[in-house]
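Welcome, and please open your viewer.

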Amino acid sequence: MAFDVTIQPSGHTFEVEDDETVLEAGLRQGFAFPYGCRNGACGSCKGRVLQGEVDHGPTLPPGLSEAERADGMALFCQAVPVDDLEIEVREIGAARDIVVKTLPCRVAALNRLADDVMELRLQLPVTERLQFLAGQYLDILLKGGDRRSYSLANAPHDDEHLVLHVRHLPGGRFSTMVFEELAPKALLRIEGPLGSFFVDEESPRPRLFVGGGTGFGPLKGMLDHLAAEGMDRTHHLFWGARTAEGIYAPDWLAQMTREQGEHFRCTPVLSEAAAATAAGLPAISGWPHDAVLAEYPDLSGFDVYMAGPPAMIAAAREAFQGAGLPPEQLYYDSFEPAVPAE
Ligand code: FES
């Protein structure tokens, strides 16, 4: 039996078929909701059920706490309606027109950025371009049905190559291939662009960016995009890494600092080293979210974009909420570990 869903505050409506999730039905009918993993882990698709009921299945997905469910929240990538719904969720207008494509591509270059980070540049066939929004990701399609997600580290205007920052995970199927086997001209297949992590360009608020490790990649894509459009307000990047070597883009940081003047700053935050500088910038020790709050104790007037490991995202979300950041001003991409295909 189909159910009707009304989205607030827009008043848009759509229909959910039997056994469809709210997110699947919304996307199928052209409504771009925020989402990331689509498997209940990351929490990106969370929204409020104002009226009606949803079923999340026999066990609560990890991205939703019991307290949140009791408070009327739902994960729309997992939630199946059990009656007509009225829901509150942020709609994304800009992604609606972007076609997700599956394309072959060749390795154009491999550049070592740090001991454990490789820049992988992919070239599409000459007749193809991938339209995307800065901050989105793509999936590498591997033999046997596995896929690996990587954020795009370049901006849409600079799309000769698709640029990925790949961290070498010991035993990781694709990252080991990147570090040990792949060579220029190797053939890969990708699907993209994916995800709803991109900049709200309508917002008048200053922007903070928080990246952990290669979480810098999508933030770089966003900052390149914003710089190309002309920065007119604070853009402060907090880049967390274990040691100074993890701040692996010194030339980019120097150029951005030089060209954007007072509108761009970067603070390296090192968790395992007391180095005073990283990439030529004054660094501080600790965790990125603590560094943000030390400088911006009241976050109510900011938009915050963050990307990186799930533990960093979870700690920062809680801390930032406590500092007055409204949930709709927080955008994040949690780098969940790859789940093997079934
Ligand atoms: S929890 Fe729904 S998209 Fe990740």
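## A tour of the salt bridges

Start by selecting Asp 139, Arg 147 and Glu 191, which are linked in a network of salt bridges (a side-chain nitrogen of Lys or Arg within 4 Å of a carboxyl oxygen of Asp or Glu). This is a predicted model, where local features need pLDDT of at least 70 and side-chain atom pairs count only at pLDDT 80 or more, while totals for chains, interfaces and linings use all residues. Residues are numbered from 1 along each chain as its sequence is written, and side-chain values use heavy atoms, leaving out hydrogens and water.

Now zoom in on Arg 147 and Glu 191: their closest N and O atoms are 3.3 Å apart. The pair links distant parts of the chain, with Arg 147 in strand β11 (residues 147–151) and Glu 191 in strand β13 (residues 187–194), 44 residues apart. Strands (E, at least two residues) and helices (H or I, at least four) are DSSP runs, numbered from the N terminus. Arg 147 is partly exposed at 35% relative accessible area, whereas Glu 191 is buried at 18%. Buried means under 20%, exposed over 50% and partly exposed in between, using a 1.4 Å probe and protein chains only.

Next, select Lys 220 and Asp 224, a salt bridge of 2.8 Å from N to O. These two sit four residues apart in helix α4 (residues 216–229), so about one helical turn separates them.

Last stop: Arg 265 and Glu 295, whose closest N and O atoms are 2.6 Å apart in a salt bridge. Arg 265 belongs to strand β16 (residues 264–270) and Glu 295 to helix α6 (residues 288–295), so the pair ties together parts 30 residues apart in sequence.
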